Amino acid sequence: MPREKIRFLVDEKGRKKSVVLPIKDYQALVEDLVDMAVIAERNGDPTQSLDLVRKNLEEKWLNTISK
């Protein structure tokens, strides 16, 4: 996000109090926050190796085309 897009609202002493940015940038930030929240929620979930996931997906795919 280029800094020239970001504007600050300041108080009477010139201290930054708020940020104004384009809606697309805001939406991207919110999406990133949601993604990070999902990652944090799933932090303790069990994991599987890539090889096992790949094998399971291949088996599932083969079962769908052989019917």
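**Reading a hairpin, its salt bridges and a surface patch**

Author: Let's begin with the strands of this predicted model. Strand β1 (residues 7-10) and strand β2 (residues 16-20) run antiparallel, and four bridges join them.

Reader: Next, charges. How do I read a salt bridge, and how many does a search of the whole structure find?

Author: The general idea first: side chains of opposite charge can pair when their charged atoms come close. Here, the search of the whole structure turns up five salt bridges. Take R15 and D11, which form one with their closest N and O atoms 2.9 Å apart.

Reader: Is D11 buried or exposed?

Author: D11 counts as buried, because its relative accessibility is 15% and the cut-off for buried is under 20%. R15, on the other hand, is partly exposed, with a relative accessible area of 43%.

Reader: Which salt bridge brings in K17?

Author: The side chain of K17 meets that of D11, at 3.9 Å from N to O. K17 counts as exposed, at 56% relative accessibility.

Reader: Now helix α2. Where do E59 and K55 lie relative to each other?

Author: Both are in helix α2 (residues 50-65), four residues apart, which is about one turn of the helix.

Reader: How far apart are E59 and D45, in sequence and in space?

Author: They are 14 residues apart in sequence, and their C-alpha atoms are 23 Å apart in space.

Reader: What about nonpolar side chains: which ones form a patch on the surface?

Author: Look at I23, Y26, V30 and V34. Together they have about 370 Å² of accessible area. Y26 lies in helix α1 (residues 23-41), and Y26 is partly exposed, with a relative accessible area of 46%.

Reader: Last one, aromatics. What should I look at for a pair of rings, and how many aromatic pairs does the count give?

Author: A pair of aromatic rings is described by the distance of the centres and the angle of the planes. In this structure the count comes to zero aromatic pairs.

Reader: Then what lies over the face of F8?

Author: K16 does, at 4.1 Å from the ring centre.

Notes:
Residues numbered from 1 in each chain as written. Predicted model: local features only at pLDDT ≥ 70, side-chain atom pairs only at ≥ 80, totals over all residues. Heavy atoms only, no water. Pairing = 2+ DSSP bridges. Helix = DSSP H or I, 4+ residues; strand = E, 2+ residues; numbered from the N terminus. Salt bridge = Lys/Arg side-chain N within 4 Å of Asp/Glu carboxyl O. Buried < 20%, exposed > 50% of the residue type's maximum accessible area, 1.4 Å probe, protein only. Patch = residues over 30% accessible without salt bridge, like charges linked within 9 Å, V, L, I, M, F, W, Y side chains within 5 Å. Areas by Shrake-Rupley, 256 points an atom, 1.4 Å probe, with all protein chains shown as cover. Phe/Tyr/Trp six-rings, centres within 6.5 Å; stacked < 30°, edge-to-face > 60°. Lys NZ or Arg CZ within 6 Å of the ring centre and 35° of its normal.
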